[in-house]
Amino acid sequence: MGRRRQRVDLAAGARARALPEAIAALSRSLPSGPSPEIFRRAKFDRPEATSALWQLLYSVLSPLPAGNALASLALEVQARLVKSALCSQGYPRLALAQLPEDGSQLLLALPLCVCFAPQGSPMKGYPAARLKAQRLPQGLTLALLQCEALASPGPPAPHMEAEGPVDVRHVQWLMGKLRFRWRQLVSSQQEQCALLSKIHLYTRGCHSDQSLGHLSVTEAEMLRDPEGGQQVSGAGASQNLDLAYPKCLHSSCTPGMGPRTFWNDLWLVCERPGLLPGDWAAPLDPGGASAYSLLSPLRALLQTLEHENQRLEAVLAWRRTELVFWRWMDTILGTCSLEVPAAASQPTFLPWVPERGGGELELEELQEAVERRRAAWEAKAGGCGRGPEWSAARRASREAVERELGALQRCWEQDSGPAQPHGPHRLVRREDGAAGDQDLRAAEVIRRLRSQEACLEAVLCRLQGQCQQELARLVGALPGFIWIPPPGR
Amino acid sequence: MSIVTVQLGQCGNQIGFEVFDALLSDSHSSQGLCSKRENEAYQASCKERFFSEEENGVPIARAVLVDMEPKVINQTLSKAAQSGQWKYGQHACFCQKQGSGNNWAYGYSVHGPRHEESIMNLIRKEVEKCDSFSGFFIIMSMAGGTGSGIGAFVTQNLQDQYSNSLKMNQIIWPYGTGEVIVQNYNSILTLSHLYRSSDALLIHENDAIHKICAKLMNIKQISFSDINQVLAHQLGSVFQPTYSAESSFHYRRNPLGDLMEHLVPHPEFKMLSVRNIPHMSENSLAYSTFTWAGLLKHLRQMLISNAKMEEGIDWHVRPPLSGLPPLGKMSLNKDLHFNTSIANLVILRGKDVQSADVEGFKDPALYTSWLKPVNAFNVWKTRRAFSKYEKSAVLVSNSQFLVKPLDMIVGKAWNMFASKAYIHQYTKFGIEEEDFLDSFTSLEQVVASYCNL
């Protein structure tokens with residue numbers, strides 16, 4: 001043992017510079033991009049590395065887009081999820097199941113997690129034979145082999161490849177269409193502003209209310225054509241016109257009103273699709289996509305490509321240096337290898353691998369077991385539904401919801417202040433630029449509404465997160481179950 | 001939405017006059033073969049686009065006239081006034097005493113900057129008269145000095161000052177035999193500059209229109225006026241109102257924008273040409289009947305065989321069979337000059353237009369591999385007949401139509417440039433050899449892009 005460690009230490013010393021590089025490349029190629037420092041701390045069982053490692057393992061197991069509510073799950077929940085995943089895949093380390101504080105134990109679980117990861121990873125395809133050679137416990141190697149068998153068709157290809165290569169000229173063509181759409185939008189917005197201003201100017205003094213002075217578009221339209229005013233199209237058009245004016249002047253996306261370029265606005269629209277006016281929903285070509293639906297694949301394509309490029313570069317770097325990393329892992333394994341015998345006595349849940357032929361009997365037995373369990377569950381759940389506890393719980397939760405709603409409403413009313421959300425207002429032309437007390441500043445209202453929207457969204461997110469945590473808790477409480485979050489959430 | 005027309009030079013002013021005259025006489029024509037109400041909507045749509053109204057009811061063309069010599073502008077103004085139907089604005093023209101001597105460099109580097117402020121002011125006033133402004137239609141030749149040189153200069157300024165407005169340049173391609181010794185120089189300088197600043201180049205070849213006059217119209221002594229009338233007829237049939245959608249009877253609001261969105265979104269492919277059918281003298285028209293199937297069959301063959309007019313179409317040209325290895329076929333089709341399209345727009349006007357079947361234009365073999373026919377082909381329709389034809393069809397095509405003429409002009413200019421002929425005429429007004437080389441490079445790129453469809 002001593003001789004072996006000495007040899008490894010020597011080797012590690014000789015590669016003193018290669019190791020940090022290898023670890024850096026690995027961490028860059030992992031989906032969550034952990035700090036390389038975590039690996040070093042984990043090796044020496046430093047407590048501060050533990051939480052980061054749990055997060056790392058969790059993110060490797062279920063890579064989710066950033067900003068997702070699930071990504072902010074509590075650490076215990078993440079740890080529990082990782083543990084149950086590892087346990088069900090046959091990872092035998094007792095220390096891991098019982099003591100989540102041990103950094104080096106977690107580090108050893110990383111290769112396995114990577115193998116289970118749904119997306120392509122640098123360590124994917126890492127031969128089980130290599131792990132075996134590193135004297136990993138039998139269970140782990142077995143689980144790994146099964147993983148490879150399951151994933152034999154290879155990782156799912158990115159969906160863009162399914163449509164064949166894209167000619168760059170086609171993308172340029174679509175881009176050009178978008179640009180023309182944009183210019184049409186600018187000119188129609190300008191037209192709306194000009195018409196509105198004209199109506200207000202020409203009807204000056206016509207209104208019975210002296211403080212207003214002029215007619216609105218709807219009033220002018222009704223005077224001009226009393227019958228047509230009832231028609232849907234006429235009313236709709238004038239309403240749009242009234243709405244378009246403040247939008248033009250105050251919206252943060254003001255075509256033609258500032259020094260912004262097409263690219264700035266395109267970016268803005270990409271980031272905040274809510275800004276897009278209705279005209280853009282119209283299809284760009286018969287049977288084709290609308291301008292907006294055209295944006296999102298372009299954006300997604302670009303982001304995916306950039307992201308994949310970075311990952312690929314990191315994987316390349318990792319491939320060149322991975323041997324160093326595995327040798328280093330070997331040293332960690334060496335320090336922990338004393339517990340290996342204990343693992344043998346620990347029951348593990350080995351994944352069930354479908355086999356053709358001989359496995360059919362087993363399958364029937366399993367199905368029977370499942371049926372029995374389901375029946376038992378249903379009986380239990382049905383009993384709950386009718387009992388007095390159930391109705392009490394229901395009453396309690398309803399009251400909680402009402403309380404929450406009341407609090408939310410109070411909060412809303414406090415926030416709104418002087419310029420409350422209002423009924424219909426009318427647009428009034430002023431020559432002097434002075435505003436009366438009763439006036440509504442479009443920009444102010446928009447800002448207020450936006451902040452309220454953000455506040456409500458935050459509450460929604462929080463509540464969703466709570467629900468999901470609760471769900472996760474319920475599911476995690478059952479041994480041997482893995483909760484798989486719905487795709488794309 | 002309105003379009004402001006900028007007429008530049010002798011050619012641009014003469015054509016501009018014919019275009020406005022054709023548009024207005026068509027919209028007032030009694031041969032529209034449609035209901036009174038529909039005719040009124042058509043007229044209103046045409047007027048809003050190209051004319052503004054004055055107190056006494058005479059429509060005024062939304063146009064700015066620019067020339068360096070007063071003669072043509074005066075003729076144009078008085079012809080319009082004599083028509084009694086429409087006229088030009090009183091303060092819409094700019095002219096000087098001395099021309100550009102067919103020197104592009106003089107127009108672009110001397111006249112242009114010198115009169116920039118006056119010309120741009122006239123244009124700005126015209127744009128401000130529009131309640132809703134869509135873009136510019138700039139009519140010019142590319143062989144001369146004033147139209148081409150000032151035209152390129154003005155287009156560049158419009159691009160700077162009205163970057164969100166659309167700019168379509170209507171360009172007259174000179175006769176191959178040539179009126180001007182340096183027309184190939186002027187042409188490559190014009191085209192390469194416009195390729196940078198314009199959104200679409202709608203090109204008419206003098207040779208092709210001359211043939212239409214001779215063969216289809218049976219005109220013996222062909223004058224510029226005859227040629228300009230044919231050209232105005234083609235432009236009118238493109239720009240007169242059409243329905244905004246298949247089942248709609250509302251007229252399209254922004255045809256210039258729609259046309260560009262359909263045909264020229266790609267920055268390397270901006271050259272458009274027009275083919276129309278039928279075209280004939282009034283005498284033969286009386287004895288002719290047309291079916292949509294017949295017209296569209298001819299128009300499609302004109303497209304794929306690169307025919308400039310209805311007569312003399314090569315019926316042997318077939319689209320390449322998709323799915324077969326193209327090796328043997330390719331050379332055969334190359335010999336037969338199959339014309340590959342990027343995008344096409346067909347505009348149908350007249351009786352029973354709803355029954356017209358355009359499936360023949362939706363064949364994927366007609367188009368480049370990177371665009372599907374659903375993206376590359378559009379059809380606009382209206383029941384109202386155009387001019388004196390009961391049924392008529394016009395094709396606006398972004399295709400290989402102009403590759404050969406462009407390649408020839410670039411080749412001829414290069415030969416002259418290689419022997420340094422007449423270069424000093426340009427360098428003395430600030431157009432250096434470097435500028436020529438830039439122009440050659442960018443046009444070679446255009447030719448290559450069109451060849452590799």
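Mentor: Before the helix pairs, some terms: axes are lines fitted to C-alpha atoms, for helices over the stretch in contact, and angles run from 0 to 180 degrees between N-to-C directions. Helices (H or I, at least four residues) and strands (E, at least two) are DSSP runs, numbered from the N terminus. This is a predicted model, where local features need pLDDT of at least 70 and side-chain atom pairs count only at pLDDT 80 or more, while totals for chains, interfaces and linings use all residues. Residues are numbered from 1 along each chain as its sequence is written, chains are lettered from A and ligands numbered from 1 in the order in which they are written, and side-chain values use heavy atoms, with hydrogens and water left out.

Trainee: Why are α4(B) and α5(B) called oblique to each other?

Mentor: Angles under 35 degrees count as roughly parallel, over 145 as roughly antiparallel, 65 to 115 as roughly perpendicular and the rest as oblique. The axes of α4 (residues 104–128) and α5 (residues 146–161) of chain B cross at roughly 45 degrees and come within 8 Å. That makes the pair oblique, therefore.

Trainee: Is that crossing left-handed or right-handed?

Mentor: Right-handed; the word applies if the near helix is turned clockwise from the far one by less than a right angle, and left-handed if anticlockwise.

Trainee: Which residues make the contact?

Mentor: Contact means heavy atoms within 4.5 Å. Among them are W104(B), Y108(B) and I119(B) of α4(B), along with F153(B), V154(B) and L158(B) of α5(B). The contact residues split into 11 nonpolar, 8 polar and 1 charged, where Ala, Val, Leu, Ile, Met, Phe, Trp, Tyr, Cys and Pro are nonpolar, Asp, Glu, Lys and Arg charged, and the others, Gly among them, polar.

Trainee: And what makes α11(A) and α9(B) roughly antiparallel?

Mentor: Helix α11 (residues 168–202) of chain A and helix α9 (residues 255–263) of chain B pack at about 170 degrees, axes 9 Å apart. They are therefore roughly antiparallel. On the α11(A) side you'll find W173(A), K177(A), F180(A), R181(A) and Q184(A), which meet residues including D258(B), M260(B) and E261(B) of α9(B). Here the tally is 4 nonpolar, 3 polar and 4 charged.

Trainee: How do you know that the span of α19(A) agrees with its 35 residues?

Mentor: The expected span is 1.5 Å times one less than the number of residues. For α19 (residues 442–476) of chain A that should be 51 Å, and the end C-alpha atoms lie 50 Å apart, which agrees. Its buried residues include V445(A), Q452(A) and V459(A); buried means under 20% relative accessible area, exposed over 50%, partly exposed in between (1.4 Å probe, protein chains only).

Trainee: Why does Q445(B) count as partly exposed?

Mentor: Because its relative accessibility is 42%. Q445(B) sits in α16 (residues 433–451) of chain B, and its C-alpha is 8.5 Å from that of E268(B), 177 residues apart along the chain.

Trainee: What makes N102(B) and Y422(B) worth a look?

Mentor: Most residues other than glycine have a negative phi, and most peptide bonds are trans. N102(B), not a glycine, has a positive phi of about 55 degrees, and Y422(B), also not a glycine, has one of about 60 degrees. N102(B) lies in the loop between β6 (93–95) and α4 of chain B; Y422(B) is in the loop between α14 (403–418) and α15 (423–427) of chain B.

Trainee: What is the peptide bond from I277(B) to P278(B), cis or trans?

Mentor: Cis, with omega near -5 degrees.
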